[in-house]
Number of protein chains: 2
Amino acid sequence: MLKEERQQFILNEVGIHNRVLLTDIADQLNVSVDTVRRDIKELHAAKLLKKVHGGAVSLGFNNYNPTGKKIYSLDKKSQIAEKALGLIKDGQVILISGGTTNLELARMLPPKLKLTCFTPSLPIAVQLLGKNNIEVIFIGGRLSKDSQITVGGSAINMLSEIKVDICFLGTNSIHPMEGLTEFDWEIVQMKKAMIHSSRKVVSPCISEKLGSTQRYKICGVEEVDVLITELEPWDVKLDAFKNLNIQIV
Amino acid sequence: MLKEERQQFILNEVGIHNRVLLTDIADQLNVSVDTVRRDIKELHAAKLLKKVHGGAVSLGFNNYNPTGKKIYSLDKKSQIAEKALGLIKDGQVILISGGTTNLELARMLPPKLKLTCFTPSLPIAVQLLGKNNIEVIFIGGRLSKDSQITVGGSAINMLSEIKVDICFLGTNSIHPMEGLTEFDWEIVQMKKAMIHSSRKVVSPCISEKLGSTQRYKICGVEEVDVLITELEPWDVKLDAFKNLNIQIV
DNA sequence: CAAATATATGCAAAAAACTGCAAATCATGC
DNA sequence: GCATGATTTGCAGTTTTTTGCATATATTTG
C-alpha cells in the first residue's frame, strides 16, 4: 500500500465523517498507529486536515469546534442525535441544517423510516441520499466552503417557499437571555429563514455551547421549541433554560 | 518490448486504477524495477503522472468520489475531460450537468483556475467544493437517487434564472438525425433547461454512445455547439456528425 | 492526583531510490 | 557487412525513506 493511498483514505474518511480516530484508521488499514500519526502530521502540515489529540478533524468544520480539541464530543453528538431521532415520526417532512451533530443525526436515521428531508448541507445530503426511503430535497444556492452549506438569496428564497414539520437547527451558541447567536452573517440569514419555514424548531446543542454567545443574533430562545443536549435532564447547566417554555430533552 | 509500449501501459494502468506499484508493473512486464523506475521518472517529468515512493499515482489523485460508484471506461472519460478543459477560460461562468465524464472534468479542473460553477450534481458539487478558486452554486431541488442530480420544478426554476458561458451537458445518447435523447423524463426536462440557460453547449460523449437513441428527446443536434469524444478527429465514427455545424474535438 | 491514553523520540530493519557501470541493442554511415 | 556512437537495460553498492517498536514524556479524564 502506497503512502499516498493511506493519506487519501484518511482524507476521505475525514471528508465523510468530519473526524477520524487514529486507532480506527490504523485498524482499518492494518498499519501501526505511528504510521497513521505520521501521515496525519504530514496532512496537517499540508493543511489538508487538522490534527487533534487522538485523531484528526476536517478543516471546514472547525466552526463547530472553536476549541478544536474535543473530538471525543462525537459520543456526545451521537447521544444528542439519538435523542433527536425520538422526535421524528414516520412520514414527516423535516429540515436539517448543517453541522456535525446533524450529520450524526442524518447518519443514524433508520433505513426503514420514510421521510422527506430538506437540507442545505452538502455532507448531509450525501448521507441522506444513501437512504432509500428518504426523499431528499436540496436547498440550492452558493456553497460556503467553510460550513459546506448553501447560503445567499437563492437559498433563502427556496426556504421561503416551504413549510416543514420539524427543523433540526444546528446550534453554535445558545444563551438563556441572548438567544441563538452565530458569527457568520450569511448563516444567520439562513437559520432565520429555516426557523420561519418550520412549525417546530429543535435545537441540538452539546453542553459546551450552552450559555455562550457569538457576534450576530439569530433569534430569541422563545423561538426554539425543543432543546436537546447530551446532559441528564436534572443537570445544573440546564437550570437557566428551565423556565423559558422550552422542552428540554 | 518497446519503451513506448511500456510507458503507455503504465499510463493506462494509472488511468484505470489511479495508482500503480513499481513492483507490480515490473512483474507484469517482465522488466527490472529500475527500468520501470526510469519510465515513471520520465512520465513524471512529462507531467503525465505523479511519481511517489513505491510507484506512481494519477495527477488528479487527491480527489474522491464520495458516492463510491465505479466509473467505467475511465481512461476514455479522462481523455474527453482533458479535451473539455481546453474550452474553459479563467473567470468564466460554467454549468456542469451530472454524469461520470463530467465528474472527471470537475476532478481535473486545475486548482489555480478561477471559475463560477453551477451544478445540479451532488458528487460534482462535492468535488468542486475542494477547489479554493471555484465558487460553487448548487442548483437545488429533489435529488434523484440514481442519477444523483437534482430534478423537478424547483431546480428548473432556478436554472431559468441564470445564463452561463458554457454548459457541459453529460450526454447519454447522441444521434446525427435524432439529436440528444434520454430515458429519464425528469432528466430530459433538466437538460432542456440547462441548454436554455447557456450561451454555448458542449457535449462530452464517449464513442460508444455515438449514434444511439433513447426514449425521450432533449433537443436536436443543432443545439449542440461542441461535441467532444475520445476519438481522433478523422475517425469514421464521427463522419455522420461532420456536416451538422458542430465543432468536433 | 493518578490511571489511562496519546504523543514524541531514537533506533533498527526493510524497502525503495539513486549512482555508476558494463553488456546488449539499435540506428546510422561508410 | 561492419564499425561507430547513442540509447537502453540490468546489476551491484550506497544512500535515503519508510515503518514499527521501545522508551520517555505529555495530555486527558475521572
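The questions below concern the interface between chain A and chain B in a predicted model. Local features need pLDDT of at least 70 and side-chain atom pairs count only at pLDDT 80 or more, while totals for chains, interfaces and linings use all residues. Residues are numbered from 1 along each chain as its sequence is written, and side-chain values use heavy atoms, with hydrogens and water left out.

Q: What makes residues of chain A and chain B count as being in contact, and how many do so?
A: Contact means heavy atoms within 4.5 Å, and by that rule 29 residues of chain A are in contact with 36 residues of chain B.

Q: How is the area buried between chain A and chain B defined, and what is its value?
A: Buried area is the accessible area (1.4 Å probe) that two parts lose on being put together, summed over both; here this comes to about 2,500 Å², with 68% given by carbon and sulfur atoms. On the chain A side, A:Leu2, A:Leu129 and A:Lys145 lose the most area to chain B, together 26% of what that side buries.

Q: Why is the meeting of B:Glu135 and A:Arg142 called a salt bridge?
A: The term requires a side-chain nitrogen of Lys or Arg within 4 Å of a carboxyl oxygen of Asp or Glu; the N to O distance for B:Glu135 and A:Arg142 is 3.6 Å, so the pair qualifies. The count between the two chains is three salt bridges.

Q: What makes β7(A) and β6(B) a strand pair?
A: Strands (E, at least two residues) are DSSP runs, numbered from the N terminus, and two of them pair if DSSP finds at least two bridges between them. Two bridges join β7(A) to β6 (residues 134–138) of chain B, so these antiparallel strands meet the rule. In β6(B), B:Ile137 is the bridge partner of A:Arg142.

Key. Chains lettered and ligands numbered in written order. Helix = DSSP H or I, 4+ residues; strand = E, 2+ residues; numbered from the N terminus.
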